[in-house]
Amino acid sequence: MPTISPPSNVRTVLAEELDDLRSIVAGLGDAELVRVSGCQGWRVADLLVHLRLGAEDLLHGLAAPCEGPADRDYISCWKDWPARSEVTFTDVRLTWAMAAWYTTAEGLRRHFDDVVAIAITASRAARTGYVRLHGHVQSTEDFLAMWAVEFCVHHLDLLVGVPDRSGPRSGAVELALATVDGLLGELRRPARWDELTYLRKATGREPLDDADRDHLGADAAKYPVFG
C-alpha cells in the first residue's frame, strides 16, 4: 500500500470532471431526464440522483480526516464493489424513490448543481492526510482519485442517454484506465478495443461478445472487474 500513486494534478482532474457534469446537467431538458442511461435499471434522472449522493459521500469523507496508515488506495478500493451478474429490483428501488421525490425537473437539476458545486470547492481545498469512508482509510489524494474514476465511469453512462454531450476529459479517463489495469493485473487492454470500449467492458456496461471471448480465452472470466 499504496500501489500506483495518483497524479499530482488529481484535484484538478476531479474538479474538471465534476464541473463538466454540472454543465451537462444544467442543459438537460425534461424529456432527456427520462431516457435510459448506461446503468441497468436507471433513467438519466436516477443516475443524477446517484451522482448527487456520490458527491455527498465525497463531502462526508473529506469532513472526516483521520490517522493513517491507509488500508486502501484508489485502485484496491474497488475490490469492495465487485461486479454483479444482474441488477435486481432491490438494487434500484431506493434510487427510483429518491428521483420520484422531486416534483419538478428543475428541482432535480438545481439540487444536483448545488451539491456538486460544494464538492468541487471542498475537493480543491482538501487537506493532505487521510480520510475514512465506509470503514476504510485512504490518503486524501487516493480518495479524490477514486471519486474521479467513479464520476468518469458514470459520465460515460450519462452519454448513453444524451450522446450529443461531451465526454470525460483525458485526465479522468487515464485514471479510470489505470484503475482497470490495476484490477486486472498483468492482463491489459486488447488492441482491438479503444480506450472507452475497454472501460465499458471492464465495468460491465458492455458485455463481451463471442469475438471478445475467443480473443481473451480464459482471461474472459476476469471481466468485468467492477460494476
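Author: Tyrosine 223 is buried, with a relative accessible area of 9%; buried means under 20% relative accessible area, exposed over 50%, and partly exposed in between, using a 1.4 Å probe and protein chains only. Please keep in mind that this is a predicted model, where local features need pLDDT of at least 70 and side-chain atom pairs count only at pLDDT 80 or more, while totals for chains, interfaces and linings use all residues. Residues are numbered from 1 along each chain as its sequence is written, and side-chain values use heavy atoms, leaving out hydrogens and water.

Now to the rings. The structure holds seven aromatic pairs. Rings of Phe, Tyr and Trp (its six-membered ring) pair if their centres lie within 6.5 Å; planes under 30 degrees apart count as stacked, over 60 as edge-to-face and the rest as tilted. One of the pairs joins tryptophan 193 to tyrosine 198: this pair is tilted, with 6.3 Å centre to centre and 35° between the planes. Both tryptophan 193 and tyrosine 198 are buried, and tryptophan 193 has a relative accessible area of 4%.

Tryptophan 193 also pairs with tyrosine 223, edge-to-face, at 5.6 Å centre to centre and 90° between the planes. That pair links distant parts of the chain, 30 residues apart: tryptophan 193 sits in the loop between helix 6 (170-184) and helix 7 (195-202), and tyrosine 223 in the segment after helix 8 (210-216). Helices here are DSSP runs of H or I with at least four residues, numbered from the N terminus.

Elsewhere, ring pairs link Phe143, Trp147 and Phe151 into a cluster.

How values were computed:
Helices (H or I, at least four residues) and strands (E, at least two) are DSSP runs, numbered from the N terminus.
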